[in-house]
Structure formats: C-alpha cells, structure tokens
Amino acid sequence: MNILAIAYACEPNRGSEPGVGWNWVKLIANQPDTTITVVTRANNKPVIDRYMGTNDDVKATFLYYDLPDRILKYKHGDRGIKLFFTLWQKGVIRHIKKNVSLEDYDLVWDFNFGSLNLPLYTYRLKKTYVVGPASTKKKMPKPYIRELKLVSRMKYLLQQVLKEHLFLNPTVWKALKKSHRVILCNEMSREFLPKSRQENAEVVFHNGLVSEDYPEISVEKHTDRLNLIYSGRLIDSKNLETGIKALKIVKDAGKEFTLDIYGKGPLKGKLEKLATDLGLEKDIVFHQKVTQEELFRIYTEKDIYFFPSLLEISSTSVMEAMYCGLLPVCLEIRCMDFIFDNSPIVKVPCISPEADAEALAKVLLELTPEDILHKRMESRKKAEESFLWETREESVGKLLERIKG
C-alpha cells in the first residue's frame, strides 16, 4: 500500500501533536509492503532533515508546504493556531492537487491535528482517504460550567456545541461522510460521527512515549509527607482551583504535604492568591516552566502526580509521570479510558468542584506510604507495557490490514 499522509504537526523528539504525528508516520513506514509520503509544514523541514541525516529508522518521504509569508508573519506560538491550521488545510489540498500525482497512491491519510471538529477538505482530492486518529470532547459537568465567568461560560458552551454537533460544520460533516474510515482516539467519540461511519470507525490508543527520552528510574520510598507535583498549563480546564481546595482539607486533617506546580498560564496569579488565602503558601510552591529533561529528573524526587483536569484526550503528562514512577491522582474523565484501563491510577468521579475537592482529599488522606510505593511501581510497569511507541507496531499493522480490507 502506498500512502500519502497529510500531517500539519509532525516532528521528531517532540511530545503532544507533533510527536503523535511523527510516531504514527514512523510506525506506518515500518510496516511490510507499505510506503508513506508525508506532506507537512515547511517549518518542520530543518528538524526533520537533521533527524533523517543521522537516523535511518523512519523509512518515509517528506514533502513540504506552508502558508505565504504575508500570513505566517501573524503566527506567534500557539496563538490562533486553529485558524492557521484551517488555512493550512485548505492550502495544502490545493498544493497537492497541483504538485502531487495522486495516481501514485492507494490512500490519503489525513491526521487532522487530532480533532474531529477542525475543518477537513480531504474529500476535494477525490481519492480514497481515512481521517484520524482524532476525537471530540463531551462537556464538563454543569456545576463546573456554572463556576465560569459569564464570557468564558458563553465561549465554552459555543465551542462545545460545535464539538458535539459536528454537522454544524459542513466541511467536517461532508469529509467524515465521504471518508473510507475514521480512526478515533476513544470510544466516546463514535456517537458524534455520521451514522454511516459509526459502525466501521476504528478506536485506537493514539498516543505514546519514547523510552530514550527518560532517565533511569528507581522507584523508592520517600517520607510520610505527601510529595505531590503538577506540570502543565495553568488554565480553567486543568481544574487546579479544585485541587488546591482539596489540599486545604488535607492540611486541616493534619496531614503534611508539598505540592510543586510547574507551568505557566493566565490563572497563575489567581491560583497563587488562592493558596495564600487558604494558608497554603508554604505548602504549595509555584515554579517557572522547566525543560523536559529537568522535569523528569524532578519527577524522580516526588511520589504523586496531582492532576485534577476536567478535559483531556489522552494526557501525555500523565503517561510521562507514570513512566517516571509517579502515582497519578486524577478525576475520572471518559476521554482517558486507554490510560485508566487496568491502571493503578487513583481516580475519583468528576461531579462538582465541592464534591471533587472532598473526594480528592479523602483518597490522599487514605493513602499510606506502603500503598504509594506499591502503586508507583505498578504505574511504572503499566507505562512500560502499554505506553511506549516501540510496542505498538503490531497493533498498527493490524489496523492497516483492516483499512486495506
């Protein structure tokens, strides 16, 4: 099978969407009787060329397209990334029509940035194509929505309507209906597809880790004090306000703890004030974002990855923490089924800020040092067995066979 892949995000030695795109390309390229050519952003070319110049483990061909400079000059980091992605998707289809001989390919594979509700124009190529791995999200519980400020609440609800009613975006709906196969990141997303595509949609674990990125880990018992850590963006959906309120309950119960928070975001000042108001300024320490290498080293000094997030597709940060020997304490959200499955993760139902703060505090107070040590070892074992990209070649091979069929 000769595949033409469209991957806006595709870079070696990266996490999140760029890493997902790169590792799926790598896994597909290594399948027998399969070749893959990837059209990605021209911005990715230098790093891909450097990697391909010193490594021969990715048997893929890369083509490049990017938006005109008059548009790219307005792109700064992740700001407006969905708009730039949409413009790129439209432009890359025109580029392929003009510069690529589609007769040379059996299939077009559009990764679509992991989201089902972003625009798709692949049907314009008039070629058999698949979409994904991608997914959408259900809305957070109503009590959490009511906690948002009015403007944020209206913005969130509007976005959620588009995520749960994909037919409101004609380009998305038409592309999904005309696709040969849709590949989903979780079972929950199946119900949002056109009925004609629900039955044969494939559900896969779309994310993964590269073992070489991590230090040698020795899971050891630490003190009776709870050593917690969070890393990531400081935004509403990460729900750190509820987490901090849970730790107030823990402290009032007489349990000693420290929480180190690594990251940045618009809520940093608000969260710092909350910690001070609750008398937790000595127990909760806010740090600037650090390099991935330094963060993994810090993980080895901690016990618990504290992650009360409300919205995830498949959290790379939770998988990384588990591989580094941390025990995650999370809310039970449906999008993370593949990570939760047969996992020692401590999770509580996601109900409301008040109920969840009580539940998180309860599980933290009940964990003994022996429990933590045992669950940390199980977390590491689960990550080694289930989360490494290098263990996924067989499952990707079976997926390709089903697509061919």
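Me: Which residues is Tyr 299 in contact with, leaving aside its neighbours within four places in sequence?
Reply: In this predicted model, Tyr 299 is in contact with Ile 229, Ser 231, Tyr 305, Glu 320, Ala 321, Cys 324 and Leu 326 once the neighbours within four places in sequence are left aside, where contact means heavy atoms within 4.5 Å. Residues are numbered from 1 along each chain as its sequence is written, and side-chain values use heavy atoms, with hydrogens and water left out. Because the model is predicted, local features need pLDDT of at least 70 and side-chain atom pairs count only at pLDDT 80 or more, whereas totals for chains, interfaces and linings use all residues.

Me: And which members of the largest nonpolar core touch the most other members?
Reply: Tyr 299 is one of them, along with Leu 247, Ile 284, Val 318, Ile 339 and Leu 364, in a core of 69 residues. A nonpolar core here is a set of buried Ala, Val, Leu, Ile, Met, Phe, Trp, Tyr and Cys residues joined through side-chain atoms within 4.5 Å. Buried means under 20% relative accessible area, exposed means over 50%, and partly exposed is in between, with a 1.4 Å probe and protein chains only. There is also a second, separate core of 36 residues, which includes Trp 88, Tyr 123, Ala 134 and Leu 176.

Me: Switching to helices, at what angle do α9 and α14 pack?
Reply: Helix α9 (residues 240-252) and helix α14 (residues 353-366) pack at about 50°, with their axes 8 Å apart. Helices (H or I, at least four residues) and strands (E, at least two) are DSSP runs numbered from the N terminus, while axes are lines fitted to C-alpha atoms, for helices over the stretch in contact, and angles run from 0 to 180 degrees between N-to-C directions. The two helices are therefore oblique to each other, since angles under 35 degrees count as roughly parallel, over 145 as roughly antiparallel, 65 to 115 as roughly perpendicular and the rest as oblique.

Me: Which residues meet there?
Reply: From α9 there are Thr 242, Lys 245, Ala 246, Leu 247, Ile 249 and Val 250, and they meet Pro 353, Asp 356, Ala 357, Glu 358, Leu 360, Ala 361, Leu 364 and Leu 365 of α14. By class, that contact has 10 nonpolar, 1 polar and 3 charged residues, with Ala, Val, Leu, Ile, Met, Phe, Trp, Tyr, Cys and Pro counted as nonpolar, Asp, Glu, Lys and Arg as charged, and the others, Gly among them, as polar.

Me: OK, what about α1 and α16, how far apart are their axes?
Reply: The axes of helix α1 (residues 16-29) and helix α16 (residues 393-404) are 9 Å apart, and the packing angle is about 75°, which makes α1 roughly perpendicular to α16. Trp 24, Leu 27 and Ile 28 of α1 make the contact with Glu 393, Val 396, Leu 399 and Leu 400 of α16, and these residues divide into 6 nonpolar, no polar and 1 charged.

Me: Is α12 largely enclosed or exposed?
Reply: Helix α12 (residues 316-323) is largely enclosed by the rest of the structure, because 8 of its 8 residues are buried. Its axis and that of helix α15 (residues 369-386) come within 7 Å and cross at roughly 115°. Met 319, Met 322 and Tyr 323 of α12 make that contact with Ser 379, Arg 380, Lys 382, Ala 383 and Glu 384 of α15. After α12 comes Gly 325, with a positive phi near 85°.

Me: Which residues other than glycine have a positive phi?
Reply: Asp 33 has a phi of about 55°, and Asn 239 has one near 60°. As background, most residues other than glycine have a negative phi, and most peptide bonds are trans. Asp 33 lies in the loop between α1 and β2 (35-41) and counts as exposed because its relative accessibility is 67%. Asn 239 sits in the loop between β8 and α9, but at 6% relative accessibility it counts as buried.

Me: Where is the cis peptide bond?
Reply: It joins Gly 132 and Pro 133, with omega about 5°, and Pro 133 belongs to strand β5 (residues 129-134).

Me: Last one, is Lys 347 buried, exposed or partly exposed?
Reply: Lys 347, which lies in strand β13 (residues 346-349), counts as partly exposed because its relative accessibility is 29%. Leu 331 is 16 residues away from Lys 347 in sequence, yet the C-alpha to C-alpha distance is 5.1 Å.
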